[in-house]
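Please read this briefing alongside the sequence and the structure. The notes are grouped by topic.

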Amino acid sequence: MMTTLESDRQDGPRPGLHDDGPSLFRAAGPSYFPVALIARFPYAMIVVGVLTLVVSARGSLGLGGLTSAMVGLGAVLCAPLVGAAADRWGQRVVILCAGLASTVTLLVMAWVAYSPLPDYAVLISALLIGATTPQIPPMSRTRLVGIILRRLPIARQNRTLSRTMAYESAADEVTFVFGPMIVGILAAMINPAAPVVGAALLTLVFVTSFALHRSVQAVRPVQGERALAAPVRDLFRGSLLTVLVGALGIGLFFGAVLTSLTSFMSDAGQGESAGLVYGVMGIGSAAFALGSGLFPERFSLRARWLVFAGLMLAGTLMLPFVTGLGGMLAVLGLIGIGLGPTLVTVFSLVSARSPRGRAATAMTVATTGIVVGQSASSALVGQVGEHLGTGVALVAPMLAAAVVLGAGTVNWRMAASETITR
């Protein structure tokens with residue numbers, strides 16, 4: 001199977017072979033990175049924001065967890081269609097439509113939660129929120145890969161791709177860590193509906209700006225590329241599906257860690273500080289995600305997956321035995337060292353294994369897997385912690401890490417027999 005990088009080099013525009021030409025920062029434009037970063041925050045705020053709103057408005061933790069799960073269900077049903085539409089018609093029109101729809105559904109949820117409408121109206125609203133999410137993280141990755149392959153010299157493409165995936169994963173870490181923290185601050189300082197309304201306003205302003213940014217031209221489909229697009233069945237190849245399972249496992253891990261940590265901190269009478277403690281893992285993860293761009297090429301992606309997923313699993317084995325805040329901070333720091341490079345590796349492999357003309361679809365499915373995993377494990381681990389106790393809940397991150405490592409092991413074996421080695 002041919003990688004995206006290989007196929008674009010053969011059939012797309014060919015930059016010069018020498019190490020000259022613009023940098024990625026100049027090619028994308030100086031405003032691109034701050035706009036794309038802020039446009040991600042609504043995506044990271046939705047699951048926790050909806051949970052906080054519904055629990056407060058309806059007084060039911062069970063309904064709140066189910067509502068978060070409905071957000072994930074909406075995403076898994078429609079996000080791949082959003083990615084496929086972007087591959088076919090271009091990102092601009094698709095993101096504009098999704099952004100407008102998402103703004104409306106978020107505002108509707110803020111009203112429905114406090115309305116006299118029955119609970120099923122809340123669940124339907126949550127489903128629509130997940131279905132209309134604009135999918136900025138995969139769109140950003142796809143756009144930057146397009147810029148690299150079309151505008152940068154071939155001599156710098158591999159190195160820039162590696163560093164770009166590291167930056168994108170670090171950006172995801174920042175939003176997944178600080179998104180829930182923003183939700184908590186807004187809910188505490190204003191009211192529980194404020195995070196959802198804030199997400200709607202951020203979507204309207206920054207998602208629209210992202211859609212209209214000039215960098216969108218890098219992924220504008222042309223007639224010849226549409227004709228050469230790989231068939232949909234190529235998305236179901238085992239090598240790509242294995243990586244997508246890894247992305248799902250990372251989502252399960254995010255939700256399991258945050259929810260079990262919340263239970264741990266609540267037992268200590270400091271439940272409101274769970275987000276800040278969780279940030280220790282996220283900050284370390286983001287730092288090591290950025291640092292993974294400096295790894296030598298001989299340290300292959302499949303080897304990185306095994307090494308750093310193994311480190312994640314090793315850290316989670318200690319969680320059930322932690323008794324104090326100091327020990328929890330130390331373990332979360334260790335887990336973060338493994339999590340960041342694992343996330344970078346998974347998305348790098350998705351980029352490399354995306355079928356021709358299906359990059360946005362593959363990236364969207366991978367990112368959706370993270371959100372779905374986070375939603376599902378948050379709901380499930382929350383129930384486990386409530387009914388079986390914190391000790392049992394702290395086992396959940398270990399199981400999620402085992403899924404990530406298991407997918408990495410399968411990837412190692414498959415890659416050994418395929419032409420793709422990155």
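In this predicted model, helix α11 covers residues 238-267. At 1.5 Å a residue, its 30 residues should span 44 Å, and the C-alpha atoms at its ends lie 43 Å apart, so the two values agree.

**Helix α11**
- Of the 30 residues in α11, 22 are buried, so this helix is mostly covered, with buried meaning under 20% relative accessible area.

**Helices α3 and α9**
- Helix α9 runs over residues 194-212, and its axis comes within 8 Å of the axis of α3.
- The two axes cross at roughly 155°; angles over 145 degrees count as roughly antiparallel, and α3 and α9 are therefore roughly antiparallel to each other.
- The crossing of α3 with α9 is left-handed.
- On the α3 side, the contact includes Y32, V35, A36, I38, A39 and F41.
- On the α9 side, residues in the contact include P195, V196, A199, L202, T203 and F206.
- By class, the contact of α3 with α9 holds 17 nonpolar residues, 3 polar residues and no charged ones.

**Helices α3 and α5**
- Helix α3 (residues 32-58) and helix α5 (residues 91-112) have axes that come within 10 Å and cross at roughly 20°.
- Angles under 35 degrees count as roughly parallel, which makes α3 roughly parallel to α5.
- The crossing of α3 and α5 is left-handed.
- I46, V50, L53 and R58 of α3 meet L106, M109, A110 and V112 of α5.
- This contact of α3 with α5 has 7 nonpolar residues, 1 charged residue and no polar ones.

**Helices α5 and α9**
- The axes of α5 and α9 are 9 Å apart, and the helices pack at an angle of about 170°.
- α5 and α9 are therefore roughly antiparallel to each other.
- Among the α5 residues that make the contact are Q91, R92, I95, L96 and G99.
- Among those of α9 are V196, V197, A199, A200 and T203.
- The residues of the contact of α5 with α9 divide into 14 nonpolar, 6 polar and 1 charged.

**Residues with two partners**
- V50 and L53 of α3 meet residues of α5, and V50 and L53 also meet residues of α9.
- L106 and A110 of α5 meet residues of α3, and L106 and A110 also take part in the contact with α9.

Technical notes:
Residues are numbered from 1 along each chain as its sequence is written. This is a predicted model: local features need pLDDT of at least 70, side-chain atom pairs count only at pLDDT 80 or more; totals for chains, interfaces and linings use all residues. Side-chain values use heavy atoms; hydrogens and water are left out. Axes are lines fitted to C-alpha atoms, for helices over the stretch in contact, and angles run from 0 to 180 degrees between N-to-C directions. Helices (H or I, at least four residues) and strands (E, at least two) are DSSP runs, numbered from the N terminus. Angles under 35 degrees count as roughly parallel, over 145 as roughly antiparallel, 65 to 115 as roughly perpendicular and the rest as oblique. A crossing is left-handed if the near helix is turned anticlockwise from the far one by less than a right angle, and right-handed if clockwise. Contact means heavy atoms within 4.5 Å. Ala, Val, Leu, Ile, Met, Phe, Trp, Tyr, Cys and Pro count as nonpolar, Asp, Glu, Lys and Arg as charged, and the others, Gly among them, as polar. The expected span of a helix is 1.5 Å times one less than its number of residues. Buried means under 20% relative accessible area, exposed over 50%, partly exposed in between (1.4 Å probe, protein chains only).
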